[in-house]
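Colleague: Could you walk me through this model? I would like to talk about its folds and its ligand shell.

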Amino acid sequence: RPTLLSDYTPYNFSLDSVTLDFDLRVEATQVTTTLSVSRKAGGPMRLNGEGITLKSVSIDGQILARKDYQLTQTELVLDNVPDNCVIEIITQCNPSQNATLMGLYVSGGRFCTQCEAEGFRRITYYPDRPDVLSVFTVKITADKSKFPYLLANGNMTDNGEAPGGRHFAVWEDPFPKPCYLFALVAGDFDILEDSFTTMSGRDIPLTIYVDRGDAPRADYAMDALKRSMRWDETAFGREYDLDRFMIVAVRDFNFGAMENKGLNIFNSSLLLADGPSATDMNFERIESVVAHEYFHNWTGNRITCRDWFQLCLKEGFTVFRDQEFSADQRGAAVQRIKDVRALRARQFAEDAGPLAHPVRPSQYEKIDNFYTATIYEKGAELIRMLKTLLGADDFRKGCDYYFETLDGTAATVEQFIESFEAATDRDLSQFMLWYEQAGTPVLDVKRDSSSVTFTQSLRATPGQKTKRPMPMPIKWQVIGKDGPVSDPQMTVLNGASITVDLPNDRPDTTLSVLQDFSSPVRINSRNETGDYLRLMGGDPNSFNRWDAGQTLATKLLSTLTGAIESGRMPRVDTALRDYVSALRATLLSPDFDNNFKALTLSSPSVMTILQTRKASDPTAAALAVDWLHRAIGDRLRGDLLPLYNDLQDSGPFSPDAAAAGRRALKNASLALMGASFHPQAAPLALEQFNDATNMTDELSALVTLSQLGGRRVDQSLSRFYEKWEHNPLVIDKWFAVQAMRKLPGGIHDLSDLTEHSAYDRRNPNRVRALVGNFAMSNPHMFHNIDGTGYDFFTAQILDMDSRNPQVAARLAGAYEIWPKLDKARQALIQDQLRAIMAAGPSQNLSEIAGKILG
Ligand code: ARG
Ligand code: ZN
């Protein structure tokens, strides 16, 4: 039943052109598909189709009789297809009842589509695979007053009136594309218009389509779009190709956004923002996702994937490109820290658990389940290593070669790597192992007085017993007590182990290894607390300076977790004192920017602690985090209030990195005051909550208040609700804050929230806000040893699965942590997974639950 990479065979027909004629009606849309085909190899023509009704098929104008084709739940098979012919297929679907949010569906009264990966087959019968490229002409007809805008990929070539109060538009996309990049949108919108002049002087109109009244909240996305377009020209030499570019925001969306050719579709949560309603994190994410989808135009659309096993070819590369863009816009050091923090929290956990898979997997049941941190984030790390290994100039040469030689094709990872070999005359064959081997390698560092030895190892992962060494760039430097005593060096570890001479053998030096996180590995550095304190104070590499603090905090938290588990008093006085005084030095130093300071203050997550331990009680880890926050707050008592006061901004709101950094550090101080019950914490939080003119401050204050507890929490939550009732994106935050807090009424409060009039179990954003955040960010309640957290979560997953298997399977991923938990919770979660498997789950959910269970 699984699909195998090794089974790949090219399609036996080519599609010379495709015409789609949509007669849009909310409950019964008719689609007439016309395919001009030519045969490339023998055999019947197999077309995918799901959840649609076949009305007729004809070949060269002759309607086929029922005996001339085979029809199953998932396929239409045509037996005697002439070598060159025109096939016409008429199908019908019901967009209003399509709760999978794949294919054609209705969101907020508008038609929209999502086809990646396999949604097009819910629109019409078609070879739904990325290596079948064709040019599309799309005609859309719909009621004119309800659906004034009719959009599809490419350029509009015709439009006019149709009988019965309807109208039509015709769109042509001159660039051959696979059907997963098809998009259609019809409805009423507010629009925001602008334009961009490309490097060759072409003027491109840019339009963003949003809900009525939301146009001003698309300003930031528009600005980010123009900056992305310019950046791709300067950084990669890539120019936009069509005559117009459009983005549409929709409320019901399975994930973040989609790069459909010339017509990107976004989850409105990743597009709409203004100071009062969006946090700095929202602005940052919007900037990066707008860039990501735009960059796909070259890495994904002009060059697409041969099959879905090559997903990282477009996703890893495009994430790398958006990370580089954000680094240029907001500062490289801080961006690197944030990217690595996310990689470690999500991808390292995935790589260490039952869902581990290679960046290029070799089999899957549902490709939807492989839009993972491994394919996206680790995929981006591989591209970054390639750049490190080759150097910026050769990296660019390889990219240029790739764009020039493979434009218009559906490519493989091998072809990508071969482009770099061809352009730079290097042998990169060993590098392919990074794509094939799952798991996070461990880099062991052992030094003596005159040399250092780097050794790599990689543990077995599901289905992969033996592993081979991979080329690993290691950036390192020797640091003495007054700062660096050597320049940074780059060592490439190709085999299992390598020994390098130290540049000088002064005693009392510390190695700063893996600067800038030059390879996606765990490190066993043998550094001691004193070394980390030295790095925290004096490593010239910002990333490693930050990381030294994280290592110290993680060690503390692990010790604390162990103590709490066994009911002992934690003995961490000295370690804590040294760590906090290093934190304090960072906070008070004029040399670091506020974003960096805020990142230094933020402690490792419960997930990170669990990764470092065996079979732990997650609620003990959560208590350890609370305990550490409180201890830091106590010890910085004299510093936090002045810091908080100094960072107040009075000018107009700006979402830029400098202003966001001030808010981040100010709110981190407030949070620490809250965690340590500073007498000023509650009054300040209340004042900030009441007076805030931006959402970052308003929400941070609400979170601090909700942690302080008491009656003012309910008052603030109701006030917040009333103020924002009409903004669904803010109401998502309202649900999220409650999902992440220790609710006074326990799990009943959470169930009550699912009955709230604003809760909508069909809307993925809302479900993720409540149910997703509960499982990922409320360890106290989710992992409650009475099992009620798990019961609630499983019920929500199964409920979701009956409508939207993709989102249900994604939620269920939260259970992958079970092997890291204590025995009692392991048993509880295994029971939950068995219950899911016994409930007759969708194929999406069954693949995830089955693999997690092992
Ligand atoms: N290609 C889209 C993006 O990365 C995401 C599509 C996700 N599809 C899915 N089935 N989960 O920008
Ligand atoms: Zn993408």
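Below, we take the chain as a whole, then its sheets, helix pairs and ligand shell.

Modeller: Happy to! This is a predicted model, in which local features need pLDDT of at least 70, side-chain atom pairs count only at pLDDT 80 or more, and totals for chains, interfaces and linings use all residues. Residues are numbered from 1 along each chain as its sequence is written, and chains are lettered from A and ligands numbered from 1 in the order in which they are written.

Colleague: What radius of gyration does the chain have, and why does it agree with a compact globule?

Modeller: The C-alpha trace spans about 85 × 65 × 60 Å along its principal axes. The globule rule is 2.2 Å times the number of residues to the power 0.38, with the radius taken over C-alpha atoms. For 854 residues a compact globule would come near 29 Å, so the chain agrees with its radius of gyration of 28 Å.

Colleague: How many helices and strands does the chain have?

Modeller: Helices (H or I, at least four residues) and strands (E, at least two) are DSSP runs, numbered from the N terminus. Counted that way, the chain has 27 helices and 32 strands.

Colleague: Are α9 and α11 roughly parallel or roughly perpendicular?

Modeller: The axes of α9 (529-538) and α11 (573-588) come within 9 Å and cross at roughly 10°. Axes are lines fitted to C-alpha atoms, for helices over the stretch in contact, and angles run from 0 to 180 degrees between N-to-C directions. Angles under 35 degrees count as roughly parallel, over 145 as roughly antiparallel, 65 to 115 as roughly perpendicular and the rest as oblique. The two helices are therefore roughly parallel.

Colleague: Which residues of α16 does α14 meet?

Modeller: Helices α14 (618-635) and α16 (657-675) pack at about 105°, with axes 7 Å apart, and are therefore roughly perpendicular. Contact means C-beta atoms, placed from the backbone, within 7 Å. From α14, D626, H629, R630, I632 and G633 take part, and they meet L672, M673 and A675 in α16.

Colleague: Which elements each supply at least two residues of the shell around ligand 1?

Modeller: A residue is near the ligand if its C-beta atom, placed from the backbone, lies within 6 Å of it. The shell includes E116, F255, A257, M258, H292, E293, D368 and Y371. By class there are five nonpolar, one polar and five charged residues (Ala, Val, Leu, Ile, Met, Phe, Trp, Tyr, Cys and Pro count as nonpolar, Asp, Glu, Lys and Arg as charged, and the others, Gly among them, as polar). The elements that each supply at least two are β20 (257-258) and α2 (280-295).

Key:
Contact = placed C-beta atoms within 7 Å.
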